[in-house]
Amino acid sequence: MGILAAGEPSIDALGQFVLHPALGMLGRSVNFSQGNLMMLIAGALILSLLYFGMKPAAIVPGRLQALAEIAYEGIYSMCHDQIGHEGKKFFPFVFTLFFFVLFGNLLGLLPFSFTYTSHIGVTFGLAAVVIVLTTVVALKIHGWHFFTYFFPAGAPKALAPLIIPVEVISYLSRPVSLSIRLFANMVAGHVMFEVFASFIVMLAAAGTLGVIGAAGPLAINVVLMGFELLVAFLQAYVFAILTCIYLHDAVHLH
Amino acid sequence: MNERRTGEDSSFESRLAAARKKQGLDPAPVAQEVNGKQISSMGVGLRVGVEMLSALVVGLGLGWYLDSWLHTKPLLLIVFVLMGGAAGIANVWRLLGPKPPKPD
């Protein structure tokens, strides 16, 4: 979240999404932005959660170990339930994807932080990896039979020139909808934070009555923070489960 | 004896359920089943919107690209935007329509 300077007349809701070079001169010379820095931090946090969580390897887990175990088992059962028996192969991929998105969403809620999942480039990159993987998996398992996916069995042959483009567009719209959903949720949440935070500053600058009135947007931001925590988990979950559903389609072709 | 017993039990269960409903102890089911998981109605609405929009965007992009490649402006753009809309409807139908019986 960006911090608005007191007395500034306009609301700069989108300035928080601008990338800046991080890590001083070194970062500037290789265009290393704060988004990349947050990605590295997220990766390090995920790895240390698993490493330090599982280090005690206790039979009765402590809090951190319980968290690591729940994370592992939750995603594992999601893969197994959604994809089927073959889902085990894709577990590392889905686990990585889920936690990369989740930590991106959650880290973005910290003050002075940056939400890398609020950039369509990042979310579309992740979705493109998903769609390329599902297509490669489907081609590898089913070969040329994969292309029957675009023409449902039993449809009249005369409708083929209409059905096939529609089905191809529908297939290609998957990564777009996957990336737009995550990106739009994150941007909308952070813009709302910024707008209500600006209201606080503007009202507080308007005198004694304004300071009292500023409690309103402050309360809204507190509620919004809880809501955004929910959205952070939900969107990471949706991203992972849709990946599982697409992988299920790729493995089973319907 | 045994039969009377179960009959009593089921009537007790139904009376308990009715009483709980009257007192508002059981929350009304707001979630609905989509793709085998529970989503709230707001979630369904958002998903439907995103599905339709993304298919339209892909249709627009494909039409635009093919037009500039084949120099057929604006014919293919028009055709593919319409097909994108159709694909959006197909996406929504696949999301909310009746499910085909599982093959396995």
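**Starting from one residue**

Guide: F183(A) sits in helix α6 of chain A; helices here (H or I, at least four residues) and strands (E, at least two) are DSSP runs, numbered from the N terminus. This is a predicted model, in which local features need pLDDT of at least 70, side-chain atom pairs count only at pLDDT 80 or more, and totals for chains, interfaces and linings use all residues. Residues are numbered from 1 along each chain as its sequence is written, while chains are lettered from A and ligands numbered from 1 in the order in which they are written.

Visitor: Why does F183(A) count as buried?
Guide: Because it has 21 C-beta neighbours inside 10 Å. A residue is buried if 20 or more other C-beta atoms lie within 10 Å of its own, exposed if 12 or fewer, and partly exposed in between, with C-beta atoms placed from the backbone.

Visitor: Which residues is F183(A) in contact with, leaving aside neighbours within four places in sequence?
Guide: Those are S118(A), I120(A) and T123(A). Two residues are in contact if their C-beta atoms, placed from the backbone, lie within 7 Å.

Visitor: Switching topic, what is chain A built from?
Guide: Chain A has eight helices and zero strands. Its C-alpha atoms fill a box of roughly 75 × 55 × 40 Å along the principal axes. Of its 254 residues, 30% count as buried.

Visitor: How many residues are in the largest nonpolar core?
Guide: That core has 51 residues, and V94(A), L97(A), F98(A), V101(A), F239(A) and A240(A) are those with the most contacts inside it. A nonpolar core is a set of buried Ala, Val, Leu, Ile, Met, Phe, Trp, Tyr and Cys residues joined through C-beta atoms within 7 Å.

Visitor: What does A240(A) touch?
Guide: Not counting residues up to four places away in sequence, A240(A) touches I75(A), M78(A), V94(A), L97(A) and F98(A).

Visitor: Let's look at α3(A). Which of its residues are buried?
Guide: In α3(A), the buried ones are I75(A), M78(A), C79(A), Q82(A) and I83(A). They lie on the same side of α3(A), because they cover an arc of only 100° around the axis, taken from the directions from the helix axis to the C-beta atoms. The buried residues of α3(A) pack against α4 and α8 of chain A.

Visitor: And what does the face turned away carry?
Guide: The exposed residues there are R63(A), I70(A), E73(A) and S77(A). After the helix comes G84(A), with a positive phi near 105°.

Visitor: Last one: how many residues of chain A are in contact with chain B?
Guide: 12 residues of chain A are in contact with 17 residues of chain B. On the chain A side, α6(A) gives the most, with 10 residues.
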